[in-house]
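I opened a notebook page for this structure. Below is what I looked up, in order.

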Amino acid sequence: MQAGILAAAGMVTRIIGLLYRSPLHSVIGKLGDGYYSSAYNFYTIILLISSYSIPSAISKVLAQKLAVEEYRNAHRLFKCALFYVLGVGAAASLFLFFAAELFVSPEAVPVLRTFAPTIFVYGILGVLRGYFQAQRTMVPTSVSQIIEQIANAVISVGGAYVLIHFVLGDVSGLPEKAAQVQTGVYGAVGSAIGTGAGVVAALLFMLFVFFASKKHMDKKILADTHTEVDSYGTIMKTIFLVVTPFIINTAVCNLSSNVNNTLYTKIYPAVRGLDTLDTYSAYGLYSLQAVTISNIPIAFATAMAAAMIPTVAQLIAAQKREVAKDKIALAVKATMVISIPCAVGLFTLAAPVTSLLFRNPPEDELVAAKLLMALSLSVIFFAYSTLNSQILQGLGKVNAPIVNAGIALVVQSILAAVLLFFTPLDMYSIAIASTVYSGLLCFLNQRSVHKAIGYEQEIENTFIRPLTAAVLMGVFCKIIYSIFFWMTRSPKLSVLIAIAIGAGFYFAVLVLLKGVTEEELRSFPKGHLLVKIAKKCRLIR
């Protein structure tokens, strides 16, 4: 249920993110998208190293303390975590601001520097989210994510528009190339301001919730009968030992986008003698359109993983390995039931989905659709590998995901370089390398989970039957889309109808194929409603 709440919020935030990308793209253009994406990738890696892993790491340690009702030690740990992120966040923000020129091209430096203060604020937000996740309530985190994305959307588009039209002003007197660069940079800076504003808005909400619930926690601390109180030195050491593997794992797992960014926007044009404006524009299509769309279903796996860490940590601490295996099996099943049809749907309806969400000239629309098709398989791989990576963290096997991600990163980097420099695939090389990376990471993480807890992955009901239902759904969706497009000549209306009908078709076929049982349906968020619908439609007797 908690994973469902977080997943719902994740889906809402991803949808909001998609909806505002279209008007933002209209304001800042492909080149602005490229500058923003390039800076955002390096901002993300510094954020991952300093603050992003804090919620997961803190939720794990706090969950272990709360499981044995050590409320006083849990509160001391929470305070130490705040001091930790204040120091690390400040250092990371300053480093990113002053070292921006080392990471991106001169045009994108102002964009990266605009991101720098956000890292400091995010650290505090991360600790508060981890504090509530450890108590196995995802509602504050979920609401804060939605608030963050709404503020981000409004201020990103508004900020980009104001900077371009009122701060930059008329660029008609500049050469065409210089005008494009200036417009792109100012637009990307405005969007970066929106990212920071969203984090600030989410932090204000989390602070309100924290102080509103503080009296309840204070009562538990006063009632705590444990006599052993951990010293602040011991707690800081614990935080460092737990957070560091989370940081390294998250950073390594996300380095692939930075490697691909550097390969395509800096090394590739230098070797091939290409115009960097063209490469940045192409990278904008890939990262802010194809990748953004493909990331929507992965939000469910990310939410499931966030909910799994404290659950698995508590079960392992209580020596309930078999129960932990059952929880893992259910989490994998739920993730695959969602991600497999999403991947098939994105492949089948790539062109109309892209045109639904973005306004592109015909040549760009075709490229964006093909890139989305190339990335569709990675939806399944990334969802599965993300879940297993966090399961390993919950099991205490913190080094396994790091090693696995490192191996996958080396393989994908070599493949991306070979495809870029020795084939005419251009940007498709990056999409192929990313898919291979996710597939290899998926395989390695699953093998590590098996070694760690003896978990045997069930194949037929978890993968084969959902895949069969999804393929049938894909064919059905294509037919429905073609029929409604012939009737209405509206690709946007046709694809929305096809998605809605296709989702119901997939659910019906999956139940008829016995890919999901009544008991499993009831365990999903709003499962009782799903069972009621299935019985009313006579899919379940």
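I call a residue buried under 20% relative accessible area, exposed over 50% and partly exposed in between, with a 1.4 Å probe and protein chains only. The model is predicted, so I noted that local features need pLDDT of at least 70, side-chain atom pairs count only at pLDDT 80 or more, and totals for chains, interfaces and linings use all residues. Residues are numbered from 1 along each chain as its sequence is written, and side-chain values use heavy atoms, with hydrogens and water left out.

Entry: Tyr-131. I found Tyr-131 buried, because its relative accessibility is 6%. Phe-210 also counts as buried, at 8%. The two form an edge-to-face aromatic pair, 5.5 Å centre to centre with 75 degrees between the planes. For such pairs I took rings of Phe, Tyr and Trp (its six-membered ring) with centres within 6.5 Å; planes under 30 degrees apart are stacked, over 60 edge-to-face, the rest tilted. Tyr-131 sits in helix α4 and Phe-210 in helix α6 (residues 176-223), so the pair ties together parts 79 residues apart in sequence. Helices are DSSP runs (H or I, at least four residues), numbered from the N terminus. Ring pairs join Phe-78, Tyr-131, Phe-132, Phe-210 and Phe-211 into a cluster.

Entry: the second largest cavity. Which residues line the second largest cavity? I listed Leu-62, Leu-66, Tyr-71, Ala-74, His-75, Tyr-131, Ala-134, Gln-135 and Met-217. A cavity is a set of points on a 1 Å grid over the protein atoms alone where a 1.4 Å probe fits but cannot get out, and lining residues have an atom within 4 Å of a point. Its volume is about 50 Å³, meaning the space filled by probe spheres set on the points, which are joined across faces, edges and corners. Helix α3 (71-98) gives the largest share of the lining, three residues. By class I counted seven nonpolar, two polar and no charged residues. Ala, Val, Leu, Ile, Met, Phe, Trp, Tyr, Cys and Pro count as nonpolar, Asp, Glu, Lys and Arg as charged, and the others, Gly among them, as polar.

Entry: α4 against α5. The axes of α4 (residues 109-134) and α5 (residues 139-168) come within 9 Å and cross at roughly 145 degrees. Axes are lines fitted to C-alpha atoms, for helices over the stretch in contact, with angles from 0 to 180 degrees between N-to-C directions. In contact (heavy atoms within 4.5 Å), Leu-125, Arg-129, Phe-132 and Gln-133 of α4 meet Pro-140, Thr-141, Ser-144, Gln-145 and Glu-148 of α5.

Note on methods
Helices (H or I, at least four residues) and strands (E, at least two) are DSSP runs, numbered from the N terminus. On a 1 Å grid over the protein atoms alone, a cavity is a set of points where a 1.4 Å probe fits but cannot get out, and a pocket is an open set with protein on both sides within 12 Å along at least five of seven lines; lining residues have an atom within 4 Å of a point.
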